[in-house]
Amino acid sequence: MDELAARKSWMATLAKAPLKELEALVCQLEQLPDYRFLRSPETGLAMVRGRAGGVGGAFNLGEMTLTRCVVQLPCEQAERAESPITGFGYVGGRSHRHAELAALCDGLMQHRDWRSRVQSAVIEPLAVMAQRKREQQQQQTAATKVDFFTMLRGE
């Protein structure tokens, strides 16, 4: 997986994670580095677009609440000393803490010394939780499935 696809994947995992689980996993990381806000958590609206049947013409479905945050890790923690690491967090809803933690984890995932720790301690457990939830929802949905059939009337 290339770097862009990997980053999209972990950012999606962080954004969709329940705050309680995300916070618990991040708290297990020891001695988190200092960071500063480039953009403090702020809540706004984003237009959600849809497609009829998933393939038809695009239309505006409606607006959703979105919270974003941008953090910066100091220069001495960056892989390239001249540029500090910037972490972004975008989450659905109004949770400022969720956006902050997502941005912090995104920044740490870009740091060579933190990446493997955050991957194994935060991202992978959240991905496993999300997969289990999807499987549970699929099982519950499958349990309500009704198979319709037609019987031919004999003459």
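**Note on rings, strands and helices**

1. Tyr 35 has a relative accessibility of 28% and therefore counts as partly exposed (buried is under 20% relative accessible area, exposed over 50%, partly exposed in between, with a 1.4 Å probe and protein chains only). Phe 37 falls in the partly exposed class as well, because its relative accessible area is 35%.

2. The model is predicted, so that local features need pLDDT of at least 70 and side-chain atom pairs pLDDT 80 or more, while totals for chains, interfaces and linings use all residues. Residues are numbered from 1 along each chain as its sequence is written, and side-chain values use heavy atoms, without hydrogens and water.

3. One aromatic pair is present in the structure (ring centres within 6.5 Å, using the six-membered ring of Trp; planes under 30 degrees apart are stacked, over 60 edge-to-face, the rest tilted). The pair consists of Tyr 35 and Phe 37, whose centres are 6.0 Å apart and whose planes stand at 85°, which makes the arrangement edge-to-face.

4. Strand 1 (residues 36-51) and strand 2 (residues 58-73) run antiparallel and are joined by 13 bridges (pairing needs at least two DSSP bridges; strands are DSSP runs of E, at least two residues, and helices of H or I, at least four, numbered from the N terminus). Among these contacts, Val 48 has Gly 62 of strand 2 as its bridge partner. Six residues separate strand 1 from strand 2 in a hairpin, and Gly 53 in the turn has a positive phi of about 70°.

5. Strand 2 also pairs with strand 3 (residues 85-92), antiparallel to it, through eight bridges.

6. Helix 2 (residues 19-28) packs against helix 3 (residues 96-109) at an angle of about 45°, with the axes 10 Å apart (axes are fitted to C-alpha atoms over the stretch in contact; angles run from 0 to 180 degrees between N-to-C directions). Helix 2 and helix 3 are therefore oblique to each other (under 35 degrees is roughly parallel, over 145 roughly antiparallel, 65 to 115 roughly perpendicular, the rest oblique).

7. Helix 1 (residues 3-16) and helix 4 (residues 115-143) pack at about 55°, and their axes are 9 Å apart. This arrangement of helix 1 and helix 4 is therefore oblique.
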